[in-house]
Amino acid sequence: MGLHRLHRLFLTALVVALSTAGAALGGESPAAHPELDHAGSGLARRHLGPERASRPAGLPGLDVSSWQGNVDWAMVAANGGRFAFVKATESTTYVNPYFTQQYVGAYQVGLVRGAYHFALPDRSTGAAQADFFADHGGAWSADNQTLPGALDIEYNPYGPTCYGLSQSAMAAWVASFAGEYNTRTGRWPVVYTTTNWWQQCTGNYAGLGATSPLWIACWCESVGQLPAGWSTYTFWQWSNQPVDFPGDQDVFNGSHDQVLALANNGPPPPPAPTPPPPLPPPPPPPPPPPPPPPAFVCRVPRVVHLRLATARVRIRRAHCSLGRVRRVHSKRLGKVLAQKPSAGKRRPRRARVSLVVGRR
């Protein structure tokens, strides 16, 4: 466990102890400590599982409060930060004293930034806190770098988990905040919460899923089940440790163009056009024409010593033709005594082969 987390846990335990003691002595409201309240401070008191050590997929970002003081935004940008949320207000009584340095500083280095409000639903109405937030840094501006403001609604740092409100009353309070913020700014607020708190304290109210982007807090390997009304998250706070940047670590569930579209209140950019299918391979070249049939030539056969009839057949089969037959007196009656041309010679087709044949 790092020194940063130990320090946080020590201060959190001290705050809880002082709050409990204050409530025990005369029933007075516990001492306020807005400088210690930030997105996830309630979750920090309940999270006992292992911390996620590496950033999940998504566009990297962070959220900060007065806890971090002045932030080195140039270093954040150099390390790959692309967006930031900055605590602006709490209830209707607190404004982050570092808000200007943090909010303007993020803008100056090119980050898309947004403000967030730490809600205390038992102190005043949702509409009243939305107005206070909009008047003290939470308003939206169409400058290509400002996200809609976020409502941080989570575990009560001063008493009962659900601030003493029933589930229906809490759902109405959240809806009131969102509606008033929309009236003031033209945007629906981002909602920061945990699934556990939302189910326990609003009865899993589904009324904001169609309008408000979800910023889910879960320092785990997977966000798991989401609150009712949302099928996916827009932002994920995946750690409260300064893994990559100061403050808490977040990712945006999309591309840089898509977070700009959210900032600009426009539709997300169309998906990249599907590349055309590859052209079919060219047809194979036609096979070469078959070689012409061999030109039959007369290859003169050897017919000496054969009878004339047999010699005639041999000559014809060799694509030659029988030429002059001269007969001479010989004891080898009817047999070929000589031939011209001689055997093995090549001559044009049907060339004549002359013979000398014996006779009486």
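Predicted model: local features only at pLDDT ≥ 70, side-chain atom pairs only at ≥ 80, totals over all residues.
Strand 4 (112-118) is mostly covered, with seven of its seven residues buried. Burial extends to both faces of strand 4: Val112, Gly114, Tyr116 and Phe118 lie on one side, and Arg113, Ala115 and His117 lie on the other. Strand 4 runs parallel to strand 2, to which it is joined by seven bridges. Within this pairing, Phe83 has Val112 of strand 4 as its bridge partner. Strand 4 also runs parallel to strand 5 (residues 150-152), and three bridges join the two. Here Phe118 is partnered by Asp152 in strand 5.

Helix 4 comprises residues 99-108, and its buried residues are Phe99, Gln102, Tyr103, Gly105 and Ala106. These residues are placed on the same side of helix 4 because they cover an arc of only 165° around the axis. Thr100 and Gln108, on the other side of helix 4, are exposed. The buried residues of helix 4 are covered by elements that include strand 1 (59-64), helix 3 (73-78), strand 2, strand 4 and helix 5. Just after helix 4, a positive phi of about 95° is found at Gly110. Tyr103 is among the buried residues of helix 4, and Arg113 is itself buried in strand 4. A further arrangement of this kind involves Arg123, which lies over the face of Tyr158 at 5.0 Å from the ring centre.

In soluble globular proteins, nonpolar side chains tend to be buried together. In the present model, the largest nonpolar core has 69 residues, and Trp73, Ile153, Trp215 and Phe235 have the most contacts inside it. Helix 6 supplies the largest share of this core, six residues. Leaving aside residues up to four places away in sequence, Ile153 touches Ala119, Pro121, Met170, Trp173, Val174, Val191, Tyr192, Thr193, Trp197 and Trp198. A second core of 14 residues is separate, and Leu308, Ala318, Ala351 and Val353 are among its members.

Across the whole structure, the search returns 13 aromatic pairs. Phe85 and Trp215 form a stacked pair, because their ring centres are 4.4 Å apart and their planes are at 20°. Phe85 belongs to strand 2 (residues 83-90) and Trp215 to strand 7 (residues 214-217), so this pair ties together parts that are 130 residues apart in sequence. Both Phe85 and Trp215 are buried. The pair of Phe133 and Tyr181 is likewise stacked, because the ring centres lie 5.7 Å apart with the planes at 25°. Phe133 is in helix 5 (residues 126-138) and Tyr181 is in helix 6 (residues 167-185), so the pair ties together parts that are 48 residues apart in sequence. Phe133 and Tyr181 are both buried.

Ring pairs also link Phe83, Phe85, Tyr116, Tyr192, Trp215, Phe235 and Phe252 into a cluster. Trp215 and Phe235 are among the residues with the most contacts inside the largest nonpolar core, and Tyr192 is one of the residues touched by Ile153. Tyr116 is a buried residue of strand 4, and Phe83 is the bridge partner of Val112 in that strand.

Definitions and conventions
Residues numbered from 1 in each chain as written. Heavy atoms only, no water. Phe/Tyr/Trp six-rings, centres within 6.5 Å; stacked < 30°, edge-to-face > 60°. Helix = DSSP H or I, 4+ residues; strand = E, 2+ residues; numbered from the N terminus. Buried < 20%, exposed > 50% of the residue type's maximum accessible area, 1.4 Å probe, protein only. Lys NZ or Arg CZ within 6 Å of the ring centre and 35° of its normal. Arc of directions from axis to C-beta. Contact = heavy atoms within 4.5 Å. Core = buried A, V, L, I, M, F, W, Y, C linked by side-chain atoms within 4.5 Å. Pairing = 2+ DSSP bridges.
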